[in-house]
Amino acid sequence: MARAFLVVMDSVGIGGAPDALLYHNGHVPDEGANTVAHIARACAQGQAQEGRVGPLRLPTLDALGLGRAVQLASGEIALGLGQEPSGTWGVATEVSRGKDTPSGHWELAGVPVPWDWHYFPDTTPAFPQDLSAAVAELAGTDGILGDCHASGTAIIEACGAEHMQSGKPICYTSADSVFQIAAHEESFGLDRLLELCRALAPRLHEMKVGRVIARPFVGSPETGFQRTANRRDYAIAPPHPVLTNWVQDAGRRVYGVGKIGDIFSMQGIDRVRKGPDQVLMLHLRNLIDTAEDGSLTFANFVEFDSLYGHRRDVSGYARALEWFDAEIGKLIPRLCSGDIMVLTADHGNDPTWVGTDHTRERVPVLIAGTGPRALGHIGFQDVAAIVARHLGVPVPEA
């Protein structure tokens, strides 16, 4: 019986979203953003040489059709890419409103988001007074810190010392539909932070805020602060059964790798394996070697987005792409006869663009295990259908 491995390269967009003009970074529309093509151009022009040199080298992804997908999506040429594809390749366009993690993943799993997300204004304070008061009451403090749009690393540097002294949680948001709470793992307590976020999540979900995110950190004002790998997302549940439910309801096993369990509130997922991307790659390799016949492994590699896209680090993003390409190149030959691996993305995050937010882009769909074939333009929902049909699992009628 065949298996499927659905791998999301978080934020690896390829430009060309037809409605990008409606989405912004600050006051600048996302029209013209192109994560892969612009990184490739920067590499070719010698502008991305921190920790690497030369043109962008992605032989595995390009052989599957990445270069062709960039050109089909946007009309742009990704310099250094453009091999004749040996895999099945295409371009997916999202219909859900938003350019964030839940929107992209839910639709890739077969369910577009049926509502408008709630976003907090880019003001200080950013949160309604009653919400801030509720957070403080749950935390047992006389207030909160932050209360604004911020970079996670920047705000813990700015507020970390006061947080450790006062105990007040650091609350912040971004252009995404999120409410994030940062707290020190030792002085505040990791379990206390997770319980705070868990207790607060239903209130935010009623507001149609997509995620409450626990952002633990360690360190001191003297040595500096560092976020840890103990992040936890408390996401609103999808409104209808998704791909993971379809597969599980058919009596198959479903494995989540990375933050997949958080994104889907564990719906339809049997086991989750977490860690930084290097550890996730080991988990993916292990599942390729051990997962049962008929199973689905759904993985998310987040560090393209979290470490490099939001920080507009072109060299870092290029390094991450080249590392991922090399590692996936080692795993594809381990697939069994009849398996497929589908590589795609959930949105863009062009590190050459203005601002620090996601960019509204189309995404590649690259499939190993099915031979060379052009899919053309498809929808995000079609990715779920491709996986389900490969596994012989019924696809619910829309």
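The model is predicted, so local features need pLDDT of at least 70 and side-chain atom pairs count only at pLDDT 80 or more, while totals for chains, interfaces and linings use all residues. Residues are numbered from 1 along each chain as its sequence is written, and side-chain values use heavy atoms, with hydrogens and water left out. The UniProt annotation "domain: Metalloenzyme" (unreviewed entry) covers residues 3-393; UniProt positions are given in the numbering used here, feature names are shortened, and annotations may be inferred rather than shown by experiment. That span is 37% helix and 21% strand, and its end C-alpha atoms lie 11 Å apart. Helices (H or I, at least four residues) and strands (E, at least two) are DSSP runs, numbered from the N terminus.

**Annotated binding site**

- UniProt (unreviewed entry) places the feature "binding site" at Asp10, Asp346 and His347.
- These residues are spread over 338 residues of sequence but cluster in space, with a largest C-alpha distance of 7.2 Å.
- Asp10 sits in the loop between β1 (4-9) and β2 (24-25).
- Asp10 has a relative accessible area of 0% and is buried (buried means under 20% relative accessible area, exposed over 50%, partly exposed in between; 1.4 Å probe, protein chains only).
- Leaving out residues up to four places away in sequence, Asp10 touches residues including Asp346, His347, His105, Lys259, Asp305 and Tyr317; contact means heavy atoms within 4.5 Å.

**Packing of α10 on α12**

- Helix α10 (residues 277-290) packs on helix α12 (residues 314-331) at an angle of about 15°, with the axes 10 Å apart; axes are lines fitted to C-alpha atoms, for helices over the stretch in contact, and angles run from 0 to 180 degrees between N-to-C directions.
- That angle makes α10 roughly parallel to α12 (under 35 degrees counts as roughly parallel, over 145 as roughly antiparallel, 65 to 115 as roughly perpendicular and the rest as oblique).
- From α10, Asp277, Gln278, Met281, Leu284, Arg285 and Ile288 meet Trp323, Phe324, Glu327, Ile328 and Leu331 of α12.
- By class, this contact has 7 nonpolar, 1 polar and 3 charged residues (Ala, Val, Leu, Ile, Met, Phe, Trp, Tyr, Cys and Pro count as nonpolar, Asp, Glu, Lys and Arg as charged, and the others, Gly among them, as polar).

**Packing of α1 on α12**

- Helix α1 (residues 35-44) and α12 cross at roughly 105°, and their axes come within 10 Å.
- The two helices, α1 and α12, are therefore roughly perpendicular to each other.
- Thr35, Ile39, Ala42 and Cys43 in α1 meet Val314, Tyr317, Ala318 and Leu321 in α12.
- The contact of α1 with α12 has 7 nonpolar, 1 polar and no charged residues.

**Single residues**

- Thr60 is in helix α2 (residues 59-64) and counts as buried at 18% relative accessibility.
- Apart from neighbours within four places in sequence, Thr60 is in contact with Asp325, Ile328, Gly329 and Ile332.
- His310 lies in the loop between α11 (303-309) and α12 and is partly exposed, with a relative accessible area of 24%.
- Beyond four places in sequence, His310 touches Asp305, Asn349, Thr356, Asp357 and His358.
- Tyr234, in strand β10 (residues 232-235), is buried with a relative accessible area of 14%.
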